[in-house]
Amino acid sequence: MSHGSATKKAEFTVIDQMSVNAAWNGSPVTLNPGQNVNLPQTTNGSMVLVYQNMATQNNNGQLSLTSGGAQPTFLPVPALANQPSVDINNWQGNNLSITNISVPGSATPIWVAAVGPGIPGVVSSALPMDGSAISLSTGQSAQGNALPRYMQLNLQSNAGTLTIFAVIGGPANNSGQNAYMVAVNATSNTGPGTGVNPPAGYYATTTSNVYSYVFNWGSSAVFVANESPSTAAAASISVRPL
């Protein structure tokens with residue numbers, strides 16, 4: 001497995017250079033322009049990168065992603081967004097290096113976090129499958145094994161604030177991914193059954209404070225994380241057999 005770090009350091013002047021954590025574990029971190037973090041090894045499956053421009057002014061930002069010696073991918077990070085942006089990918093066990101390449105000297109900090117089962121910075125609590133509700137604060141996650149039958153996952157906000165969930169599990173879709181981002185208390189209803197496409201990277205958004213998802217994934221793992229803004233109240237998660 002090649003991380004390609006030596007090659008990249010010779011190629012780039014800004015990208016991958018000013019590391020604030022060369023052995024980042026995926027935990028939330030804020031990068032100022034020019035700063036970088038590197039996750040030494042990603043999972044070999046769907047992983048969610050969540051990121052948000054924290055600038056208080058109308059400063060658009062940009063991230064660079066490099067992995068496994070490949071050429072950079074550039075992600076625009078819009079200013080004054082009311083919810084985090086999402087990049088869902090399978091980096092196939094390679095490293096993931098993230099650099100804030102926003103305009104030098106601009107007040108454009110970008111908050112980033114890597115989400116998924118098996119990431120060193122993600123320590124999950126037990127997710128019961130009997131309908132019992134558990135509470136997850138921002139940044140917390142839970143994981144359990146589904147029963148081989150139809151089940152219902154309920155994602156609920158305990159207040160009226162925007163609440164964002166990452167769900168990973170089940171078979172991969174046509175794009176090879178099995179991760180879903182859902183926002184409740186959002187500004188619009190989007191996703192399956194609404195006729196409206198959700199924001200990039202999201203599966204669905206709802207103006208309601210709860211979203212229910214019915215699935216039959218056999219006995220596969222179900223991973224849920226609360227990736228809401230830090231001002232959001234704790235969320236309630238439950239999974240029950242139907």
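**Aromatic pairs and a buried loop serine**

Tyrosine 213 and phenylalanine 215 are both buried. The model behind these exercises is predicted.

**Exercise 1.** Classify the ring pair of tyrosine 180 and tyrosine 213, and locate both residues in the chain.

*Solution.* Start with the general principle. A pair of aromatic rings is described by two values, the distance of the centres and the angle of the planes. The model holds 7 aromatic pairs. For tyrosine 180 and tyrosine 213, the centres are 5.8 Å apart and the planes stand at 40 degrees, so the pair is tilted. Next, place the residues. Tyrosine 180 sits in strand S15 (residues 179–184) and tyrosine 213 in strand S17 (residues 210–215). The two are 33 residues apart, and the pair links distant parts of the chain.

**Exercise 2.** Decide whether tyrosine 180 and tyrosine 213 are buried or exposed.

*Solution.* The cut-off for buried is under 20% relative accessible area. Tyrosine 180 has 14%, so it counts as buried. Tyrosine 213 has 17%, so it is buried.

**Exercise 3.** Classify the pair of tyrosine 213 and phenylalanine 215, then name the cluster members.

*Solution.* The centres of tyrosine 213 and phenylalanine 215 lie 6.3 Å apart. Their planes are 20 degrees apart, and the pair is stacked. Ring pairs join Tyr180, Tyr203, Tyr213, Phe215 and Trp217 into a cluster.

**Exercise 4.** Describe the surroundings of serine 67.

*Solution.* First, position: serine 67 lies in the loop between strand S5 (61–66) and strand S6 (73–77). Second, accessibility: its relative accessible area is 13%, so serine 67 is buried. Third, contacts: leaving aside neighbours within four places in sequence, serine 67 touches Trp91, Asn94, Asn95 and Leu96.

Conventions: Residues numbered from 1 in each chain as written. Predicted model: local features only at pLDDT ≥ 70, side-chain atom pairs only at ≥ 80, totals over all residues. Heavy atoms only, no water. Phe/Tyr/Trp six-rings, centres within 6.5 Å; stacked < 30°, edge-to-face > 60°. Helix = DSSP H or I, 4+ residues; strand = E, 2+ residues; numbered from the N terminus. Buried < 20%, exposed > 50% of the residue type's maximum accessible area, 1.4 Å probe, protein only. Contact = heavy atoms within 4.5 Å.
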